[in-house]
Amino acid sequence: MNTKILFRSLLVFFFCIAKMDAQEVLTIENALKIALENNFEIKMASNNLTIDKTNVAKGNAGMLPKVTATLVDANSVQNSSQTRQDGTVNALDNAKNNSLNYGVGLDWTVFDGFKMFAKLDQLKELQKLGEAQLKRTIILKISAVNAVYYDLVQQQQQLAALDTTIVISTQRLTLAQNRFNIGKASKLEVLNAQVDLNTDKVALLRQKESYANRKIALNQILARDSKIDFKVVDEVTVDDKLVLADLMALAEKQNPQLESEIINKRISELDLKQIKGERYPTLNLTSGYNFAESHSSLGFTSQSSAHGLNYGLRASLNLFDGFAQNRNEKIAKLQIENSKIAIEQQSLLLNSELSTAFQTYLTNLELIQLEEKNEAIAKQNLSITVDKFKIGTITTIEFRAAQLNYINAKVRYSNAQFQAKLSEIALKELAGNMSF
C-alpha cells in the first residue's frame, strides 16, 4: 500500500514539474514587443500622429487654388402680364421660363501677409508635437510594463523562498515526529512543528494568490487574454552605471514633456506670425469658364445664351477692426511668454525629479549589497541551525527564528533588487532613454 502511495506521489510530482517546464518563459524583451504591438493607448497615439502627418499639406495651409464646378438649372411656370409704353398689353398664362448656368471657377489666394507659410510651419510643428506625445505614451507604457514585470519577478522569487521554507518545515516536522516516536521529544515539539508548517502553507497560498494576480495585471497591460499562463525570468538585473550628469543632459534633449513645451512655444510664435499677417493686404486671383442659357415664353427675348472666360483680381486690406488686431497680437505675445515660463518650469521640475530619483537609486544600490550579505549570513546560520536541530542541541524556538531570519533575508534582498530596478526605470523614463 505504501508503495502505491509513493508511486502516485511521484507521478503527481513529475506531472507538476512537466507542467511548469511547459509554461512560456516571458522575457522582458518579448513583453515590451507585445505591449508595443497590442497596447490600446499606443495605437491611439499612433493614429493621432498619422492624422497630424496627413494635415501637413500645402492645401491645408491655404497655398493652393480652389477650383469649383457649379451647375444651376432654374425653371418656373407663371401667369405673366406686361404693359408696354404704347399701352399694349401682353399676357400669358402658364408661361414657362428656364435658365441653365454651369461652369468652372478658380479662386486662388496668392498673398495673405505670409500667413499661409506660417500655417504650414505650424502644421509641421503640430506633427512634431504628435511625435513627442507618441514617444511619451510609449515611454510611460514601457515603464509600466517594466515595473509590473519585475514586480512579478520579485513575487516569483518570494514564492520560491516560501517553497524553501515549506521544505524546511516539513523536514522539521518529520524529525520531530521521529524523535517523538523514539521518546527523545515531547508531543509539544511535534505540535509546534505542525503549527509552523501550517503557518508557512498559509503564507504560501497568499503568495500564490498575489503572484497570480500580478500575472493577470501584466497580461492586461500587454492587452492580451488574462488567462494566458507564463513564467518570468528568475533574476532582476539592475544597471548600476547610471550617472546623474549624463541623465540630466539626456533629459534636456530627449524628455518628451520638455520637448512638448518647446514645441508649444514654437507653435505660439507661429500663431503670432499669422495674426501679424492680418496687417497686410490679401490678394486673390479669380478665373472661370461659364456657360449660360435662358428661355422665356413672354418678353422681348425668348432665348439667350453666352459662354466664355472670365478673370479678375480681388484685393482687400483691413483698415479698422475696433482695435481687434492690437488685442490679438498682445494676447499672442503673452501666450509666447507663458510658453517660455512653462519651459523653465518643466526644466526645473525635471532636474529636481532626476536628483531625487538618483539619490533613491544610489541608496537602493547600497541596500542590494547589504541585503545580499545578510542573506548569505542568514543562509549559513540556518545551515548550522539545521545540523544542531538534528542532533537535538537547540530548541524549536531557536530553529524557527533561524528559519524566519533566512526567509525574511531572502525577501528583503529580493525587494531591494526590485526597488533599485524601479529607481533605474524612473531615471531612464525622466531622461527619455527607455529602450524599446
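## Salt bridges and a nonpolar core

R206 counts as exposed, with a relative accessibility of 58% (exposed means over 50% relative accessible area, buried under 20%, and partly exposed in between, using a 1.4 Å probe and protein chains only). This is a predicted model, in which local features need pLDDT of at least 70 and side-chain atom pairs count only at pLDDT 80 or more, while totals for chains, interfaces and linings use all residues. Residues are numbered from 1 along each chain as its sequence is written, and side-chain values use heavy atoms, leaving out hydrogens and water.

**Salt bridges**

- Across the whole structure, a search finds 19 salt bridges (a side-chain nitrogen of Lys or Arg within 4 Å of a carboxyl oxygen of Asp or Glu).
- R206 has a salt-bridge partner in E209, at 3.7 Å from N to O.
- These two, R206 and E209, sit three residues apart in helix α5, so about one helical turn separates them (helices are DSSP runs of H or I with at least four residues, strands are runs of E with at least two, and both are numbered from the N terminus).
- E209 itself is partly exposed, at 43% relative accessible area.
- In helix α9, E424 and K428 are four residues apart, about one turn of the helix, and they form a salt bridge whose closest N and O atoms are 3.0 Å apart.
- E424 is buried at 5% relative accessible area, and K428 also counts as buried at 18%.
- Salt bridges with shared partners connect R172, D196, D200 and R400 in one network.

- K141 and E41 make a salt bridge, with their closest N and O atoms 3.8 Å apart.
- K141 belongs to helix α4 and E41 to helix α3, 100 residues apart, so this pair links distant parts of the chain.
- K141 is buried, with 15% relative accessible area, whereas E41 is partly exposed at 39%.

**The nonpolar core**

- The largest nonpolar core has 68 residues, and V145, Y149, L218, L222 and L427 touch the most other members (such a core is a set of buried Ala, Val, Leu, Ile, Met, Phe, Trp, Tyr and Cys residues joined through side-chain atoms within 4.5 Å).
- Elements giving two or more residues to this core include α2 (28–38), α5 (187–221), β4 (230–232) and α9 (396–430).
- Helix α4 supplies the largest share of this core, 16 residues.
- Beyond its neighbours within four places in sequence, V145 is in contact with I28, A31, L32, A35, L218, I221 and L222 (contact means heavy atoms within 4.5 Å).
- Another core, of five residues, lies apart from the largest one, and its members include A61, M63, L120 and L123.
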